[in-house]
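Work through the following exercises with the sequence and the model open.

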Amino acid sequence: MKTAEKIRIVADLIAIDSANNHEEQIADYLLKLFAIYGIKASKITQFPGRCNLVAEIGDGQAPKIGLSGHFDTVSPGDETQWTTSPYSAVIDADTLRGLGASDMKAGVAQLVITMIELKQAGLPRHGTIRFLGTISEELTEEGARLLADQGYADDLDVLLFAEPTGVAIDQLPAYFDSGAARIDHNTLDALLAAAETTQAREQHFIFQSHKGWMTYTVTAHGKAAHSSMPGLGINAVDCLITYYQAEKALYANLMETSAELGATIYAPDIFHGGTQVNSIPAIAYEQVKVRTIPELPNSELINRLSHLIDELNQQPDMNLELTVEQSEVPVANSTPLTFAPFLQHHAHTTLAEPLDLPTISVSLGTDASEFRRRNSTAEMLVVGPGNTSAHQVDEFVSISAYLNMIELLIASLTDYFSVNQKD
Ligand SMILES: [Zn+2]
């Protein structure tokens, strides 16, 4: 495929407004594109106007690699803050700007074009590559949940997510200082030294693990009463405060940590109690987001919270209730990486960045959590052409990073299948 065509595909995807909705239009566009090159794809409709997409090349046999990207973007925020419309791709030298350029329309295009070019080359002769395009990654990961539940990841040996993993060279120290990612000290020293003299614009990483997360609500049920006779009621705010102190102690005393991912991160974000002055509040609640690690999995944390609540509910007038709204498991790889070394090998020439795709661990979540729930052994890697401008006004992708990432993935998959073919 010609370079101009590759760039046009990203621009076309940006021109489709898929901010938290309308992913069917992306699915239709890609379905048509795949069809031109003889690749069969199927839409998997989840809600009106919202479709996932699955496509496959190869002979249907192992080894099997999944390539996954999400079709939704976050909302553009205040559009007047954008230099140009978020829905029209604008090119300026090596920069292509537009909503989703980084997160992750360039990544989706990279995966699709990689499959098209491999198909044109008659590859893989033995083995399978499956594209998994999802809806609603940014809010609920329910596209990935549906595809996982339908078994699309059960037989995969490797699953790669082309989320943005690039960092501008001059932002590297700030990136690691921010706590966004963990890297071993020696690698960081080598990286910062190499960054001093590089001609590269960005350094890309492979995220080899990320935290899980959970959102939950704890509701305290009291009893309303006129504020002149509080003794007739039960103040739900008092009950919630008692619980909150105990919950804080529970998190402060956690012993588990992860060498790769660090500690469980507890963030009590919303407190609400009472409805009007002059009434004892009958209800109060707290909403929490917690980022989880494999050493203290979501299910075990839920057990401990439930146990705490059961204990407190033994006290007079205590009536607490736990509701888990969403639970996404942490993603890590327990066996040595088999596909990442191919990417790192080819990164040396295709990306030519200070280091060849160093592996790091990050706090943010991805669709990988949903697929990990169903497939505990596949190697799951996050690596893609975008950068940290994701979720910001004037989001952009480096055009050269995008084009080079296509070459990188084609070369790595070609090698992987020629080494691993089972005949
Ligand atoms: Zn994303």
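For sorting residues by type, Ala, Val, Leu, Ile, Met, Phe, Trp, Tyr, Cys and Pro count as nonpolar, Asp, Glu, Lys and Arg as charged, and the others, Gly among them, as polar. The model is predicted, with local features needing pLDDT of at least 70, side-chain atom pairs counting only at pLDDT 80 or more, and totals for chains, interfaces and linings using all residues. Residues are numbered from 1 along each chain as its sequence is written, and side-chain values use heavy atoms, with hydrogens and water left out.

**Exercise 1. Describe the largest pocket: its volume, its lining and the division of the lining by residue type.**

Step 1. Take the terms. On a 1 Å grid over the protein atoms alone, a pocket is an open set of points where a 1.4 Å probe fits, with protein on both sides within 12 Å along at least five of seven lines; lining residues have an atom within 4 Å of a point. Grid points are joined across faces, edges and corners, and a volume is the space filled by probe spheres set on the points.

Step 2. The largest pocket holds about 690 Å³ of space. Its lining has 29 residues, and D103, E138, L364, G365 and H391 are the closest to its centre.

Step 3. By type, the lining comprises 11 nonpolar, 11 polar and seven charged residues.

Step 4. At least two lining residues come from each of β8, β12 (212–221) and β16 (283–292).

**Exercise 2. Which residues coordinate the zinc ion, and how are they spaced in sequence?**

Step 1. Donors are N, O and S atoms within 2.8 Å of the metal (3.2 Å for Na, K and Ca); water is not among the atoms, so sites may look incomplete.

Step 2. Three residues supply donors at 1.9 to 2.1 Å: H70 through NE2, D103 through OD and E163 through OE. Their spacing in sequence is H-x32-D-x59-E. D103 belongs to helix α3 (residues 101–120) and E163 to the loop between β7 (158–161) and β8 (166–168), so the pair, 60 residues apart, links distant parts of the chain.

Step 3. Apply the burial cut-offs: buried means under 20% relative accessible area, exposed over 50%, partly exposed in between (1.4 Å probe, protein chains only). D103 and E163 are both buried.

**Exercise 3. Is T73 buried or exposed, and what does T73 touch?**

Step 1. T73 sits in the loop between β3 (64–70) and β4 (90–92). T73 counts as buried because its relative accessibility is 2%.

Step 2. Contact means heavy atoms within 4.5 Å. Leaving out residues up to four places away in sequence, T73 touches S18, A19, N20, L99, G100, D103, K105 and E138.

**Exercise 4. Examine the backbone in and after α3.**

Step 1. In α3, 18 of the 20 residues are buried. The peptide bond from D103 to M104 is cis, with omega near -10°, and M104 is in helix α3.

Step 2. G122 follows α3 and has a positive phi, near 75°. L123 and P124 are joined by a cis peptide bond, with omega about -10°; P124 lies in the loop between α3 and β6 (128–134).

**Exercise 5. Where do H22 and N278 lie, and what is phi of each?**

Step 1. H22, in the loop between α1 (3–15) and α2 (23–36), has a positive phi near 60°. H22 counts as partly exposed because its relative accessibility is 34%.

Step 2. N278, in the loop between β15 (265–273) and β16, has a positive phi near 90°. N278 counts as partly exposed because its relative accessibility is 42%.

Notes: Helices (H or I, at least four residues) and strands (E, at least two) are DSSP runs, numbered from the N terminus.
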